[in-house]
Amino acid sequence: MGTASSFPDSPLGGGSSGANLADILERVLDKGIVIAGDIKINLLDIELLTIKLRLIVASVDKAKEMGIDWWEHDPALSSGARSKELARENAELKERLAALEARGVPESLDTAREREPRHDH
């Protein structure tokens, strides 16, 4: 049996392990790696819980190449996405207000009550 020192290119084989580790990390980030697994908990053939785990390790550039960019659009993670979300909501509210005003909806509840016909019993 060989020892780790008999494999000079192995990360376990000597002083250049830092450089080899950096090479491995660079390759993983460049190519990407997917780890998937499921955990199922059954009791008497009744499925109680299923947990699906999916992990992708890749560089940001590689993730974008794969079409993964959810962090750019998540308001909790991106200030740009947060301001875009607020601007979109603001524009939507302005459109709704303009549509209501165009339909003649009163500006306040007081004027709405004045316009309602009175039915005295």
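Helices and strands here are DSSP runs numbered from the N terminus, with at least four residues (H or I) for a helix and at least two (E) for a strand. Residues are numbered from 1 along each chain as its sequence is written. Because this is a predicted model, local features need pLDDT of at least 70 and side-chain atom pairs count only at pLDDT 80 or more, while totals for chains, interfaces and linings use all residues; side-chain values use heavy atoms, without hydrogens and water.

**Overall layout**

- The protein chain holds five helices and two strands.
- Read from the N terminus, its elements follow the order α-β-β-α-α-α-α.
- Of its 121 residues, 5% count as buried; buried means under 20% relative accessible area, exposed over 50%, and partly exposed in between, with a 1.4 Å probe and protein chains only.
- The chain's accessible surface comes to about 10800 Å², and carbon and sulfur atoms hold 57% of that. Such areas come from the Shrake-Rupley method with a 1.4 Å probe, and for residues only the protein chains shown count as cover.
- Among contacts with a separation of 6 or more, 15% join residues 24 or more positions apart, where a contact means heavy atoms within 4.5 Å.

**The hairpin**

- S1 and S2 pair in the antiparallel sense over eleven bridges; two strands pair if DSSP finds at least two bridges between them.
- Together S1 and S2 make a hairpin with two residues between them, and Leu44 in the turn has a positive phi of about 55°.
- Across the pairing, Ile41 stands opposite Leu49 in S2.

**The nonpolar patch**

- The patch on the surface is formed by Ile39, Ile41, Leu43, Leu44, Ile46, Leu48, Leu49, Ile51 and Leu53, with about 870 Å² of accessible area together.
- Patches are made of residues with over 30% relative accessible area and no salt bridge; nonpolar side chains (Val, Leu, Ile, Met, Phe, Trp, Tyr) are joined within 5 Å, and like charges within 9 Å.
- S2 gives the most to this patch, with five residues.
- Leu48 is found in strand S2 and is exposed, at a relative accessible area of 55%.

**Salt bridges**

- Side chains of opposite charge can pair when their charged atoms come close.
- A search of the whole structure finds four salt bridges, each being a side-chain nitrogen of Lys or Arg within 4 Å of a carboxyl oxygen of Asp or Glu.
- One of them joins the side chains of Asp38 and Lys52 (3.9 Å, N to O). Asp38 lies in S1 (residues 33-43) and Lys52 in S2 (residues 46-57), so this pair ties together parts that are 14 residues apart in sequence.
- Asp38 also forms a salt bridge with Arg54, the closest N and O atoms being 3.0 Å apart. That pair links distant parts of the chain, with Arg54 in S2 and Asp38 in S1, 16 residues apart.
- Asp38 counts as partly exposed at 42% relative accessibility, and Lys52 counts as exposed at 57%.
- Another salt bridge joins the side chains of Lys62 and Glu65 (3.6 Å, N to O). Both residues lie in helix H2 (residues 60-65), three residues apart, about one turn of the helix.
- Glu65 is exposed, with a relative accessible area of 63%.
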